[in-house]
Number of protein chains: 2
Amino acid sequence: MRIVGIDPGLQVCGYACLEIGGKEKSPTLHSYGDGALIEAGVCRTSSQLPLEAKLNQIAEDIKSLLKKFSPDIVAVEELYSHYAHPKTAILMGHARGVILQSCAEAAIELKSFSATRIKKSITGNGRASKPQMQRTIQSLLSLPALPEPDDVADAIAVSLCCANEAGSVLVTNN
Amino acid sequence: MRIVGIDPGLQVCGYACLEIGGKEKSPTLHSYGDGALIEAGVCRTSSQLPLEAKLNQIAEDIKSLLKKFSPDIVAVEELYSHYAHPKTAILMGHARGVILQSCAEAAIELKSFSATRIKKSITGNGRASKPQMQRTIQSLLSLPALPEPDDVADAIAVSLCCANEAGSVLVTNN
């Protein structure tokens with residue numbers, strides 16, 4: 001099973017593609033199977049562009065990723081509804097809407113996960129700090145360095161959470 | 001010049017198409033020229049659908065409208081950033097993002113207007129009530145009844161505001 005995780009954003013979207021081949025069931029991530037992190041990175045929009053052009057760039061980038069990776073599932077982080085800046089949350093909603101619509105147009109199954117659920121799934125603690133999440137991801141996937149920037153770490157995290165909840169057994173190719 | 005006004009929403013999007021033919025400049029809507037309200041209505045999504053399917057339905061409906069009317073400009077109402085329910089505002093943002101992206105994909109010029117600016121443009125009062133807006137729109141366009149539902153009235157209002165700010169002189173074919 002192939003999972004693409006996306007951390008939605010207007011300026012930067014993180015993405016990660018996990019390939020999960022194991023058929024064994026495991027209650028925790030810490031059991032490894034024959035999974036692998038295929039790729040992770042970011043898509044950026046120019047800060048000079050008007051909002052609608054940024055959204056169109058995001059749609060094009062997401063469609064390219066879906067075509068490249070042909071995922072069975074796309075996992076997307078939910079937005080906080082208690083942002084200090086509601087205007088920012090609404091703008092983030094614009095970007096997330098375009099991402100979800102791109103997945104629906106491509107008829108790819110979509111799963112949403114709250115930040116708390118993701119943190120709990122990866123570290124066992126729904127209130128884990130960013131550094132704690134990064135260290136756990138690095139350890140789980142035997143990455144040579146901490147996953148950076150945050151957008152990449154968040155995208156890997158949501159894809160791992162999705163794999164975890166699907167009962168898959170993960171491993172890395174690194 | 002053809003203007004399509006859109007009132008964004010996740011369950012219901014209002015739309016209106018204005019054809020503005022006058023070349024005269026006028027500081028107020030109350031000068032009439034050779035404009036006309038071509039059509040106004042709503043696009044609805046089923047409440048049973050998951051979020052991403054609703055967004056895809058909205059994208060399809062908006063693309064159909066853009067194809068049908070071939071507007072020069074699409075005018076879209078801005079979202080309030082002070083909603084009592086931030087979660088609702090974020091979901092509205094999802095729908096508005098898809099609408100804006102559909103316009104950008106079709107390379108149609110987009111203009112955003114705040115509710116206050118729209119109300120001021122139509123009635124002279126940025127805090128006009130909904131019934132006041134409806135009565136003014138009915139009068140301006142000589143509609144046989146009050147424009148309803150709210151989504152239709154709001155879509156006509158944003159298209160009139162856009163025409164007004166472009167200095168066009170409006171008239172109705174009713």
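1. A salt bridge here is a side-chain nitrogen of Lys or Arg within 4 Å of a carboxyl oxygen of Asp or Glu. Across the interface of chain B and chain A, the rule finds two salt bridges. A:K63, A:E105, B:K63 and B:E105 are linked in a network of such bridges.

2. Some ground rules. This is a predicted model, in which local features need pLDDT of at least 70 and side-chain atom pairs count only at pLDDT 80 or more, while totals for chains, interfaces and linings use all residues. Residues are numbered from 1 along each chain as its sequence is written, chains are lettered from A and ligands numbered from 1 in the order in which they are written, and side-chain values use heavy atoms, with hydrogens and water left out.

3. Now the fold of chain A. Chain A holds five helices and five strands; helices (H or I, at least four residues) and strands (E, at least two) are DSSP runs, numbered from the N terminus. Along the sequence the order is β-β-β-α-β-α-β-α-α-α. Chain A has 174 residues, and 53% of them count as buried. Buried means under 20% relative accessible area, exposed means over 50%, and partly exposed lies in between (1.4 Å probe, protein chains only). Take the contacts in chain A (heavy atoms within 4.5 Å) between residues at least 6 apart in sequence: 69% join residues at least 24 apart.

4. How much area do chain B and chain A bury between them? The figure is about 1900 Å², 66% of it on carbon and sulfur atoms. Buried area is the accessible area (1.4 Å probe) that two parts lose on being put together, summed over both. In chain B, the residues that lose the most area to chain A are B:E52, B:I90 and B:Q101, together 28% of what that side buries. The contact takes 24 residues from chain B and 24 residues from chain A.

5. Six residue pairs are in polar contact across the interface of chain B and chain A, both residues at pLDDT 80 or more. A polar contact is a pair of N or O atoms within 3.5 Å; within protein, one must be able to donate a hydrogen and the other to accept it, and residues adjacent in sequence count only if both atoms are side-chain atoms. On the side of chain B that touches chain A, α1 (51–69) and α2 (86–105) each supply at least two residues. The largest share of that side, 13 residues, comes from α2(B).

6. How are the two copies related? Chain B can be laid on chain A with an RMSD of 0.0 Å by a turn of 180° and a shift of 0.0 Å along the axis. That is the relation of a two-fold axis. The superposition is by least squares on the C-alpha atoms of residues with pLDDT of at least 70 in both. The copies meet through the same surface, because 100% of the interface residues of chain B are also interface residues in chain A.

7. The whole structure has 14 salt bridges over all chains. One of them joins A:E39 and A:K68 at 2.9 Å, N to O. The pair links distant parts of the chain, with A:E39 in strand β3 (residues 36–44) and A:K68 in helix α1 (residues 51–69) of chain A, 29 residues apart. A:E39 is partly exposed, at 24% relative accessible area.
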